[in-house]
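Keep the 3D view open as you read.

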Amino acid sequence: MTIDILDPKRSQGATPRAIRLRDDFWAIVTGENDPSSPPTLHAGGEVLLLRFPLSVDERNRDIASLRLLHEARAVPLSDAESVYVAMELQLLRSVLGEDFGTLPEAVWGLLRDTVSEISGLTVAPSPEQLLAARAIRDCLFEGAVRNIFLKSKALELVASFFGQVRLLNGACRMALLPSREVEPFLRARNILGSELETPPPLGTLAAQVGVSETRLKRGFKRLFGMAPYEWLREKRLAVAHELLLRREASVSEAAYRVGYTNVSHFIAAFIRRYNTRPGELLRLARRIAPTP
């Protein structure tokens, strides 16, 4: 595979930047760019191209996606902050071995399309994917350690995407939602994500996005693999995890900032989710990168 990013307006060291993990495996970080000159990727061969957003976007561009590129051609990249993982299909076959044949049916449907890459798969990114994508963007390691770290995070993103597709299809026994039906549920997710401390009641949320409460619950679970307030809990804990990891809040501050009024309840939920106490995570973060 060859990667060539064309963006004449970008300065040295700015995004987009391509990170070679090996000849057939790349990570690409993009940022906000002039829409009149979007970055373009040139990839030769049969290549899986996955995109993961780096932030929640009110214009609903925060979608994780998978496309299969069948021949060398120019592929415009998103102008939103994103991490792309480009992997030759043969590498995926090699990594998975006999398990290659057990990929989710929706992925197999994409791989069987040998004519064009017009179709693709989209899912709402999980908090874990957001953290892994940001880890690739913010990696400070150097040399061999950097390569090992970035490879592991890129593979984590690939595995997480396939796992999410399997979860959605397995839980619902149906195809993923058509893109035209996604918008109300994305808006509902964005509202919950922006109002962690005081989320609206379910009926109010349904009215805000223009669907019935029943349709909101069913569509949300079909798209995101969980009910709205299950997603809210996961989001709260993921935000608190990042606050602690970045040493931006104490345990009680992190709990209150994500909507927990009872710190003991927050600690119990955090332990169930991450198998460690939030105070232990904060102490570890301080040992690894002490405040100057």
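In what order do the six strands of the open sheet run? The order is β2-β3-β8-β5-β6-β9, and the pairing is antiparallel. Bear in mind that this is a predicted model. At the edges sit β2 and β9 (121–123), each of which pairs on one side only. Going from strand to neighbouring strand, the average turn is 15°, direction ignored.

**Strands up close**

Strand β2 covers residues 17–22 and strand β3 covers residues 25–30, and five bridges pair them in the antiparallel sense. Together they make a hairpin, with two residues between the strands. To find your way around on screen, pick alanine 18: isoleucine 28 in β3 stands opposite.

Next comes the pairing of β3 with strand β8 (residues 82–88), which is antiparallel and has six bridges. A handy landmark here is valine 29, whose bridge partner in β8 is valine 83. Helix α1 (residues 89–96) touches β2, β3, β5 (47–53) and β8, and the directions of α1 and β8 make an angle of about 80°. Helix α3 also packs on the sheet, touching β2, β3, β5, β6 (64–69) and β8, with its direction at about 100° to that of β5. As a general point, strands in a sheet are held in pairs by backbone hydrogen bonds, parallel or antiparallel.

**Helix against helix**

| Helix pair | Residues | Axes come within | Crossing angle |
|---|---|---|---|
| α3 and α8 | 127–138 and 228–245 | 9 Å | roughly 25° |
| α5 and α6 | 183–194 and 202–209 | 9 Å | roughly 130° |

Take α3 and α8, whose axes cross at roughly 25°. That angle makes α3 roughly parallel to α8. On the α3 side, Pro127, Glu128, Leu130, Leu131 and Arg134 meet Glu234, Lys235, Ala238, His241 and Glu242 in α8. Sorted by class, this contact has four nonpolar, one polar and five charged residues.

Then there are α5 and α6, with axes crossing at roughly 130°. So α5 is oblique to α6, and the crossing is right-handed. Pro184, Arg187, Ala188, Ile191 and Leu192 are the α5 residues that meet Leu205, Gln208 and Val209 in α6. By class, that contact has six nonpolar, one polar and one charged residues.

What does alanine 135 touch, leaving out residues up to four places away in sequence? Phe149 and Lys153 are its contacts. Alanine 135 belongs to helix α3.

The chain averages a pLDDT of 79, and 77% of the residues score at least 70. Two stretches call for care. Residues 7–13 stay under 50, and the model gives them 10 contacts beyond four places in sequence. Residues 170–175 are below 50 as well, with six contacts in the model beyond near neighbours in sequence. Where pLDDT is low, predicted coordinates should not be read in detail.

Definitions and conventions. Residues are numbered from 1 along each chain as its sequence is written. This is a predicted model: local features need pLDDT of at least 70, side-chain atom pairs count only at pLDDT 80 or more; totals for chains, interfaces and linings use all residues. Side-chain values use heavy atoms; hydrogens and water are left out. Axes are lines fitted to C-alpha atoms, for helices over the stretch in contact, and angles run from 0 to 180 degrees between N-to-C directions. Helices (H or I, at least four residues) and strands (E, at least two) are DSSP runs, numbered from the N terminus. Angles under 35 degrees count as roughly parallel, over 145 as roughly antiparallel, 65 to 115 as roughly perpendicular and the rest as oblique. A crossing is left-handed if the near helix is turned anticlockwise from the far one by less than a right angle, and right-handed if clockwise. Contact means heavy atoms within 4.5 Å. Ala, Val, Leu, Ile, Met, Phe, Trp, Tyr, Cys and Pro count as nonpolar, Asp, Glu, Lys and Arg as charged, and the others, Gly among them, as polar. pLDDT is the predictor's confidence in each residue, from 0 to 100. Two strands pair if DSSP finds at least two bridges between them.
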